[in-house]
Amino acid sequence: MKSFPRSLVFRILLLCCFALYAFGVPSASTAAEPAENALDFVTIRLGHGERAVLVVGGIQGDEPGGFSAATLVGTRYEIQEGAVWVVPNLNFPSIIRRSRGLHGDMNRKFAKLPESDPQYDTVRRIQELIRHPQVGLVLNLHDGSGYYRPRRESALCNPRRWGQSIVIDQECLEPHIFMYQLGQEAASVAETVNGQLMAPLHRYHVHNTRTAEGDREMEKSLSYYAVRHGKAAFGLEASKEFGVALRAYYHLLMIESFLQQAGIRFSRDFELSPSGVEKALRENLGVAFAGNRVFLPLEDVRPFLNMVPLPRDAARTAVTSKPIMAVLPHDDDRRLCVHYGNRLLTSITPEWREMDASIDGVEIVLDGERRMAGFGQVLHVHSSLEVRPREGYRVNAIGYDSGKDDESGLPLKRSVFVERFSVDKRGRVYRVEVYRGERFCGMFLIRFDD
């Protein structure tokens, strides 16, 4: 389990690759079967406090509302008082494959599990995290079918459905346990969420499975494992009848209500609405390679990017801007697939190159102003950009056929580029690569503003 403290160091490591893109100043095929350790889950620790709330997403890989909401908590929330620990990608290989579970349902592996099970180590490590003395409350995020109702109303609304419910295993815990009145706490959260519904059909109910009274399936669940170890635990369900953004919206409403009940103060940097959640999920997508000498923004990326110069260890050392993003080799070993949760964002055909670290950028003239362009940046161009010639180095502007081996000293305007070579679908972002002989130094991107 990779554990990252919420600190300046964490932010730099995880987010630096797209911070430059955001400001523009210095500053579809399946993948091969991934090894379990190549897609290990991460733990993001926010805030400080003696008692922590543990938020778990992605235990089932085909439930994107839960792991998307957990990702937003881990990357877009600040904790001013208290502590929140987030595991947004518990079953990461199954998330990538859009599968409930590549090796069976992980949420049924918390009672007995043989060491031969491929997920044995993952389950044992999340169990260890649940048992941590600092953890007092566990929120397990799911997307469930239909709409749970205590009594049958229709085929979609009945006791056998799970969507739009807060699941508890029993009414109460021992009084000395934090938040021990599970039924009352869940009812209070449901009441809060029901005041912010997008439609009356979306109403939340508390679903008490009474697990200890003989529910053999729920006895195997993560939430009941937490209860058996003296932790308050709730299963949060959003309906699969909704799109991902609306599911995540309801998850965040529940999470925030539980955090408030736990005495945790927090803030977020986006509007909590279905449209605000959708925007937050779509923005700041990026991947960096070779120590940020290559950065690719992915919000509007083309489905295929060809002949991208990369070192051989590019997939292993890639840094993504979201914890549910991954770069994996395709099964033909000639492409790299960039995944974001259940989505394949783009497929990269690399041009494997030896790297040269003799320079970190080049001198340019951007719209008449001389300055430095560092590798990994995205530069906004209104009129034109020119890379100043430098002895021993050559420039290749991808999509511009100048007839020259070295395109330094030439004005790079939007009109000279062939649109199909752009990084983005709208034909605004282009690669400018720098070489020293046959060795690749790095590249920056130019974005032509309208």
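Predicted model: local features only at pLDDT ≥ 70, side-chain atom pairs only at ≥ 80, totals over all residues.
Q: What radius of gyration does the protein chain have, and what would a compact globule have?
A: The C-alpha trace spans about 75 × 45 × 45 Å along its principal axes. For 450 residues, a compact globule would come out near 22 Å, and the value for the protein chain agrees with this: 24 Å.

Q: What share of the residues of the protein chain counts as buried?
A: The chain is built with 9 helices and 25 strands, and its accessible surface comes to about 19,200 Å², with 48% belonging to carbon and sulfur atoms. Of the 450 residues, the buried share is 57%.

Q: Is the pair of tyrosine 77 and phenylalanine 266 stacked, edge-to-face or tilted?
A: Good one to look at in the viewer! The structure holds 13 aromatic pairs. In the pair of tyrosine 77 and phenylalanine 266, the ring centres are 6.0 Å apart and the planes meet at 40 degrees. Stacked needs under 30 degrees and edge-to-face over 60, so this pair is tilted.

Q: How many residues apart are tyrosine 77 and phenylalanine 266?
A: Both tyrosine 77 and phenylalanine 266 are buried. Tyrosine 77 belongs to strand S4 (residues 77-87) and phenylalanine 266 to strand S11 (residues 265-268), and the pair links distant parts of the chain, 189 residues apart.

Q: Over the ring of which residue does the charged end of arginine 394 sit?
A: Two arginines are worth a look here. The charged end of arginine 45 sits over the ring of tryptophan 85, 4.2 Å from its centre. For arginine 394, the distance to the ring centre is 4.4 Å, and the ring is that of tyrosine 435.

Q: What relative accessible area does glutamine 164 have?
A: Glutamine 164 lies in the loop between strand S7 (157-158) and strand S8 (165-168). Its phi is near 55 degrees, a positive value in a residue other than glycine. Glutamine 164 is buried, with a relative accessible area of 0%.

Q: Is methionine 179 buried or exposed?
A: Methionine 179 is in the loop between S8 and helix H5 (182-194), and its phi is also positive, near 55 degrees. Its relative accessible area is 7%. Buried means under 20%, so methionine 179 is buried.

Key:
Residues numbered from 1 in each chain as written. Heavy atoms only, no water. Helix = DSSP H or I, 4+ residues; strand = E, 2+ residues; numbered from the N terminus. Rg over C-alpha atoms; globule rule 2.2 N^0.38 Å. Buried < 20%, exposed > 50% of the residue type's maximum accessible area, 1.4 Å probe, protein only. Areas by Shrake-Rupley, 256 points an atom, 1.4 Å probe, with all protein chains shown as cover. Phe/Tyr/Trp six-rings, centres within 6.5 Å; stacked < 30°, edge-to-face > 60°. Lys NZ or Arg CZ within 6 Å of the ring centre and 35° of its normal.
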